[in-house]
Amino acid sequence: MNFLSLFKRNLIYKLKKKIDVDKDDISSISLDQLFHHYGSDKAEIFSLNKKKGHGYSKFYLKHLQKFKKNQLNILEIGSYSGASAAAFSKYLPNSRIFCLDINISKFKYSSKKIKVYGVDINNKFKVIKILKTIFLNNKFKNFDIIIDDGSHKLSEILNSINFFIKYLKNGGIFVIEDYMLPNYSKNNKDVDDIFVDQLLIKLKNNEFFKSNFFSEEDQKFLQSSIKKIDNYKGNLDISDICFIEKN
């Protein structure tokens, strides 16, 4: 992504009129209804086409319900229109959501609890600069929850795990959506490396593996940092989600 394209998308985001979700009095409805209302494919029924969504809401509910009243700092990688960020801002009313996306011109929601940053996550220099700004301005050090719902390309998922889990607090949860798309689609398998499902098995069993993305030191860090990994199958053939709990 070149600078001019990114600049143009960020400018469109700043100028476009957005829907203020803080004015929506719907915080009492379920998480799945919130996903559906705002148009997130995490819902059981995807509101844009009335077809089945991924059905991830029940898995999020299982892992997040206990944090409902907590003040959480959530990082979402890949936010698109901001539908899931809007839903989380209503379901977790005391939390803040920080969104990273390469094309924020599609983002159509606004909230005092949602902050949006246009960035290519492959540009680690820019990402680190943004993270430092977030931590400094909001007075916290690590995120409670990190959700990777980005491009779903194998290289980016592997990079995301290795890079962002360092910014997850102890006891925090790292979520990876649609992590098996590289298994199903040649377009998403953009590198010849370990698949994410195989990686998760290796981590569960504390086994080392060959990868161009994870050094032995990286693998030792992951093995010592991860407390639990839960995998789930959603509604569709391509619907796979995992929740990684950090020690």
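User: How many salt bridges does a search of the whole structure find?

Analyst: In this predicted model, a search of the whole structure finds ten salt bridges. One of them joins the side chains of Lys202 and Glu207, with a distance of 3.3 Å from N to O.

User: What makes the contact between Lys202 and Glu207 a salt bridge?

Analyst: The term calls for a side-chain nitrogen of Lys or Arg within 4 Å of a carboxyl oxygen of Asp or Glu. The N to O distance for Lys202 and Glu207 is 3.3 Å, so the pair meets the 4 Å cut-off.

User: Are Lys202 and Glu207 buried or exposed, or something in between?

Analyst: Buried means under 20% relative accessible area and exposed means over 50%, with partly exposed in between. Lys202 has 28% and therefore counts as partly exposed, and Glu207, at 32%, counts as partly exposed too.

User: Why can the salt bridge of Glu245 and Lys227 be said to tie together parts of the chain?

Analyst: The closest N and O atoms of Glu245 and Lys227 are 3.8 Å apart. Glu245 belongs to strand β11 (residues 240-246) and Lys227 to strand β10 (residues 226-233), so the bridge links parts that are 18 residues apart in sequence. Glu245 is partly exposed, because its relative accessible area of 22% is not under the 20% that buried requires. Lys227, by contrast, counts as exposed, because its 58% is over the 50% cut-off.

User: Which residues lie nearest the centre of the largest pocket, and which elements contribute to its lining?

Analyst: The largest pocket has a volume of about 690 Å³. Its lining consists of 34 residues, with Gly78, Ser79, Tyr80, Asp101 and Asp149 nearest the centre. Two or more lining residues come from each of α4 (83-91) and β5 (96-101). By class, this lining has eleven nonpolar, 13 polar and ten charged residues.

User: What lines the second largest pocket, and which element gives the largest share?

Analyst: About 460 Å³ of space lies in the second largest pocket. There are 19 lining residues, and the closest to the centre are Phe3, Leu6, Asn10, Gly118 and Lys126. The elements that supply two or more of the lining residues are α1 (3-15), β7 (114-118) and α5 (124-138), and the largest share, seven residues, comes from α1. The lining divides into eleven nonpolar, four polar and four charged residues.

User: What makes a space a cavity rather than a pocket, and how many cavities of 30 Å³ or more are there?

Analyst: In a cavity a 1.4 Å probe fits but cannot get out, whereas a pocket is open. The count comes to one cavity of 30 Å³ or more, and about 30 Å³ of space lies in the largest cavity.

User: How do the residues that line the largest cavity divide by class?

Analyst: The lining is made by Ile121, Asp148, Gly150, Ser151, His152, Lys153, Glu156 and Ile157, and it divides into two nonpolar, three polar and three charged residues. Ile counts as nonpolar, so Ile121 and Ile157 belong to that class, while Asp148, Lys153 and Glu156 belong to the charged class.

Notes: Residues are numbered from 1 along each chain as its sequence is written. This is a predicted model: local features need pLDDT of at least 70, side-chain atom pairs count only at pLDDT 80 or more; totals for chains, interfaces and linings use all residues. Side-chain values use heavy atoms; hydrogens and water are left out. On a 1 Å grid over the protein atoms alone, a cavity is a set of points where a 1.4 Å probe fits but cannot get out, and a pocket is an open set with protein on both sides within 12 Å along at least five of seven lines; lining residues have an atom within 4 Å of a point. Grid points are joined across faces, edges and corners, and a volume is the space filled by probe spheres set on the points. Helices (H or I, at least four residues) and strands (E, at least two) are DSSP runs, numbered from the N terminus. Buried means under 20% relative accessible area, exposed over 50%, partly exposed in between (1.4 Å probe, protein chains only).
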